[in-house]
2 protein chains.
Amino acid sequence: MREAVEKKVLGENDRLAAELRERFRRENILCVNLISSPGSGKTMLLEKTLATFPKDAPVAVLTGDIQTDNDARRLARYGFPVRQIVTGGTCHLDARMIDRHLNEIGFHGPGILFIENVGNLVCPSSYDLGEAAKIVLLSVTEGEDKPLKYPGIFLRASLMLLTKTDLLPHVEFDSALAHENARKIHPDIAYIALSARTGEGFSQWLSWLNALREKITPPVAAAH
Amino acid sequence: MREAVEKKVLGENDRLAAELRERFRRENILCVNLISSPGSGKTMLLEKTLATFPKDAPVAVLTGDIQTDNDARRLARYGFPVRQIVTGGTCHLDARMIDRHLNEIGFHGPGILFIENVGNLVCPSSYDLGEAAKIVLLSVTEGEDKPLKYPGIFLRASLMLLTKTDLLPHVEFDSALAHENARKIHPDIAYIALSARTGEGFSQWLSWLNALREKITPPVAAAH
């Protein structure tokens with residue numbers, strides 16, 4: 001019975017996510033969905049990413065948490081529209097939350113919408129938010145076997161970001177093995193190792209984002 | 001509708017968990033349930049803890065993961081009964097899984113049963129496993145605001161273990177603030193900072209465990 005309900009909830013979510021995806025296509029919005037454990041560095045990645053954009057860049061962020069608006073407050077300092085989605089116990093964001101909060105902030109394309117999911121390597125992977133790409137973050141303080149233990153998200157993510165590489169000298173972590181484990185689950189997954197603190201790997205990450213944007217939006221700017 | 005099903009599932013779980021708790025009481029088994037994000041150090045804590053016990057100590061471990069039996073293989077090296085519970089997608093352990101696997105390994109008290117939950121700071125907190133105490137692990141590479149963002153588990157845990165303190169010189173982490181945030185959610189939560197790598201704080205952790213064991217089991221050894 002529980003599985004039947006899960007199926008129904010996911011079915012409704014998929015229908016709403018398809019509508020969001022069509023809207024993103026129509027408005028030339030690149031939407032990416034960042035997923036990781038709590039504390040893998042999603043918010044810091046976004047802070048450093050927002051800091052690279054011109055002040056008038058068409059960029060917005062929706063950030064999910066069980067409780068608190070700490071992340072939204074951190075991210076709002078960069079001057080772009082940011083909205084905290086407090087799930088109040090729900091372990092993931094869903095398409096309905098994205099639709100509602102997107103309407104409330106009144107964000108329209110062309111542009112980039114970053115979604116920072118609730119910190120959880122399991123549940124968010126099942127919920128399509130209409131994004132062009134899921135991005136999974138794994139920090140070097142976790143463990144090389146995480147892709148094998150949490151295959152769902154590594155299978156569905158287009159890109160794996162290995163974060164906090166500045167800590168590599170202080171931990172026993174084999175980056176090549178972590179990458180190899182991710183490729184066992186998803187041979188085509190893109191991979192970038194970076195440190196938001198030192199900036200290592202950051203230009204690669206911004207290039208990846210740009211390439212994805214060019215892929216999904218027309219080469220000449222559409223009417224706004 | 002979904003909430004009603006959640007309620008029913010949790011109701012069934014609570015009934016089974018109460019049976020487990022009664023069994024643990026009857027058999028003088030101290031059961032603790034370790035909960036944290038993926039990569040906070042649950043398995044390493046257990047490895048170092050098992051290493052402190054005499055070879056014939058009455059100790060067993062049930063360890064949950066979405067996929068792989070990596071953790072059970074790591075833990076089995078210490079010679080105690082260890083069973084991997086592969087949840088196959090389910091984001092938490094439940095009382096039924098504990099009951100079944102406990103029967104299969106044939107573990108009887110008096111003794112200590114460690115449960116290592118699926119790596120997830122959200123969902124496992126709602127599922128009572130009959131344990132005497134939930135223990136939440138937070139590593140110094142995560143963030144001081146995690147207790148505020150994930151209040152459910154900090155409210156329900158008897159003990160907060162701050163792990164990986166050997167990394168403190170290399171990260172910007174304020175342990176006192178993390179502790180203070182946990183106390184905002186749960187004023188009586190016990191707190192131990194430790195490093196499984198260096199052994200710092202380990203004697204405190206073992207003392208806490210012993211004190212809990214003495215509290216729940218009779219002072220003179222019961223018949224076996």
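**View 1. A:N33 and its bridge partner in the neighbouring strand.** Start with one residue pair in this predicted model: A:N33 has A:K134 as its bridge partner in β5(A).

**View 2. The whole sheet of chain A.** Zoom out and there are seven strands in an open sheet, with parallel pairing. Reading across chain A, the order is β3-β2-β4-β1-β5-β6-β7. What stands at the edges? In chain A, those places go to β3 (82-86) and β7 (190-193), and each has a single partner strand, so one side of each is left without a neighbour in the sheet. From one strand to the next, the twist averages 20°. As background, strands of a sheet pair through backbone hydrogen bonds, either parallel or antiparallel.

**View 3. Two spots in the loops of chain A.** Take the peptide bond from A:G109 to A:P110: it is cis, with omega near 0°. A:P110 sits in the loop between α4 (95-105) and β4 of chain A. Now look at the loop between α1 (2-26) and β1 of chain A, where you'll find A:N28. Phi of A:N28 is near 55°, a positive value in a residue other than glycine. Why pick out these spots? Because most residues other than glycine have a negative phi, and most peptide bonds are trans.

**View 4. The sheet of chain B, seen from B:N33.** In chain B, the bridge partner of B:N33 in β4(B) is B:I115. Strand β1 (residues 29-35) and strand β4 (residues 111-116) of chain B pair in the parallel sense over six bridges. Helix α7 of chain B, residues 175-185, packs on the sheet and touches β5 (133-139), β6 (159-163) and β7 of chain B. Another helix on this sheet is α8 of chain B, residues 202-216, which touches β1, β4, β5, β6 and β7 of that chain.

**View 5. A cis bond in chain B.** B:G109 and B:P110 are joined by a cis peptide bond, with omega about 0°. Look for B:P110 in the loop between α4 (95-105) and β4 of chain B.

**View 6. Where chain B meets chain A.** How many residues does the contact take from each chain? It takes 38 from chain B and 38 from chain A. Between them, the chains bury about 3200 Å², 57% of it on carbon and sulfur atoms. Six salt bridges cross the interface of chain B and chain A. Here's a salt bridge to look for: B:K149 with A:D65, their closest N and O atoms 3.8 Å apart. On the side of chain B that touches chain A, α1 (2-26), α3 (70-76) and α5 (146-149) of chain B each supply at least two residues. α1(B) gives the most to that side, with four residues. By class, the side of chain B that touches chain A has 16 nonpolar, eleven polar and eleven charged residues.

Key:
Residues are numbered from 1 along each chain as its sequence is written. Chains are lettered from A and ligands numbered from 1 in the order in which they are written. This is a predicted model: local features need pLDDT of at least 70, side-chain atom pairs count only at pLDDT 80 or more; totals for chains, interfaces and linings use all residues. Side-chain values use heavy atoms; hydrogens and water are left out. Two strands pair if DSSP finds at least two bridges between them. Axes are lines fitted to C-alpha atoms, for helices over the stretch in contact, and angles run from 0 to 180 degrees between N-to-C directions. Contact means heavy atoms within 4.5 Å. Buried area is the accessible area (1.4 Å probe) that two parts lose on being put together, summed over both. A salt bridge is a side-chain nitrogen of Lys or Arg within 4 Å of a carboxyl oxygen of Asp or Glu. Ala, Val, Leu, Ile, Met, Phe, Trp, Tyr, Cys and Pro count as nonpolar, Asp, Glu, Lys and Arg as charged, and the others, Gly among them, as polar.
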